[in-house]
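Good morning, colleagues. I would ask you to look at the sequence and the model on the screen while I speak about packing and charge pairs.

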Amino acid sequence: MERADVAWRQRPEDLSPFSRGMGPGEVPGRPVRLQSRMDEAGLNDGLAINGRKPKWMRVALRTGPEFRRLRSVLHSRDLVTVCEEAGCPNIYECWNEGTATFMINGERCTRACGFCLVDTQRPEPLDPAEPERVADAVEAMGLEYAVITAVARDDLPDGGAAGFAAVVAAIRRRTPGVRVEVLIPDCKGDPDALAVVFDARPDVLNHNIETVARLQRVVRPSAGYVRSLAVLARAKAADLTTKSSIIVGMGETDDEVAQTMADLAAVGTDIVTVGQYLRPTTNHLPVARWVPPDQFELYRELGRSLGIAHVEASPLTRSSHHAQHAHAQAVSASVGVGASAGG
């Protein structure tokens, strides 16, 4: 497998308005332009946003009673979910099954990723009561498995790490049997900040690499391919179950996806999810291709051949989709390997 090398660099115009130093009232009416970065990466304008999606990308609207109950629980506690904020296509399935992904540390992100719908403005102050509200919602919803993610908070010294630790601790005080997965930003790669999260001992440490090396600057200009691999390697060295996600359909090739999966396997990533990109608005990266379902099956087979414990891959897969099942499969595979080694 060829190694994917990448030089990390960042230009001021790549960043969100906040990260470029703009204060309240100075945010322009449109997001950072992507065209120059797309040209650099060799991307064209892709598929028309109003084009008809293939049948495997169509999701039925299913707002059943459990969906409405869960929404009421979350909104009554003034909580934010990535399910709503990021426009996840699986929201009806997950909410009707009684699961949700909580988004902490506010609703505004300090980065301007080319695929993400989350707001990018000056963040509001942290809410010290948020961890207890999340723990209360987890208990009220009767969850067995909770996923906690957050916006990037480059304005904070620890990148928001303490918020994750506080929420994990609050959930375990209230409902000790609940398993907790955290989906963290890179915290700028700061070892001390990352250690705060690692020391909270989440059941799964998830950090998304998102795309292949060639497209990093156009897809996530404030992050870095090697930095993300380093975050996952540090988490694995801390003896945590690790997880990452790849979004396809943004201009990558299947060979590049294979390279990225090999790199994730090389740093010991236990769970990898692969899903199709959906363009949130015309201001975001275009969809370059619709990846057919049989290609996702090939991704799963490739992951198994690389030694990744569990690969969740389908057009509608998202980072937290079937998270509890993925964790159980990874743990089972790990136990099986240990038993074989011991035998």
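Let me begin with a term: a residue is called buried under 20% relative accessible area, exposed over 50%, and partly exposed in between, using a 1.4 Å probe and protein chains only. By that rule, Glu 252 is buried, with a relative accessible area of 4%.

This is a predicted model, in which local features need pLDDT of at least 70 and side-chain atom pairs count only at pLDDT 80 or more, while totals for chains, interfaces and linings use all residues. Residues are numbered from 1 along each chain as its sequence is written, and side-chain values use heavy atoms, with hydrogens and water left out.

Back to Glu 252: its partner in a salt bridge (a side-chain nitrogen of Lys or Arg within 4 Å of a carboxyl oxygen of Asp or Glu) is Arg 289, with the closest N and O atoms 2.8 Å apart. Helices (H or I, at least four residues) and strands (E, at least two) are DSSP runs, numbered from the N terminus. Arg 289 lies in the loop between β7 (271-276) and α11 (293-305), and Glu 252 in the loop between β6 (242-248) and α10 (254-266), so the pair ties together parts that are 37 residues apart in sequence. Arg 289 itself is partly exposed, at 22% relative accessibility.

How many salt bridges does a search of the whole structure find? The search finds 20. One of them joins the side chains of Glu 139 and Arg 174, at 2.9 Å from N to O. Because Glu 139 belongs to helix α5 and Arg 174 to helix α6, this pair ties together parts 35 residues apart in sequence. Glu 139 is partly exposed at 37% relative accessibility, and Arg 174 is partly exposed at 30%.

I turn now to the nonpolar core, meaning a set of buried Ala, Val, Leu, Ile, Met, Phe, Trp, Tyr and Cys residues joined through side-chain atoms within 4.5 Å. The largest has 37 residues, of which Phe 102, Val 134, Met 141, Ile 148, Ile 171 and Val 182 touch the most other members. Elements giving two or more residues to this core include α5 (130-141), β3 (145-150) and α6 (161-174). Helix α6 gives the most, with seven residues. A second, separate core of 31 residues includes Phe 115, Val 212, Leu 285 and Ile 308.
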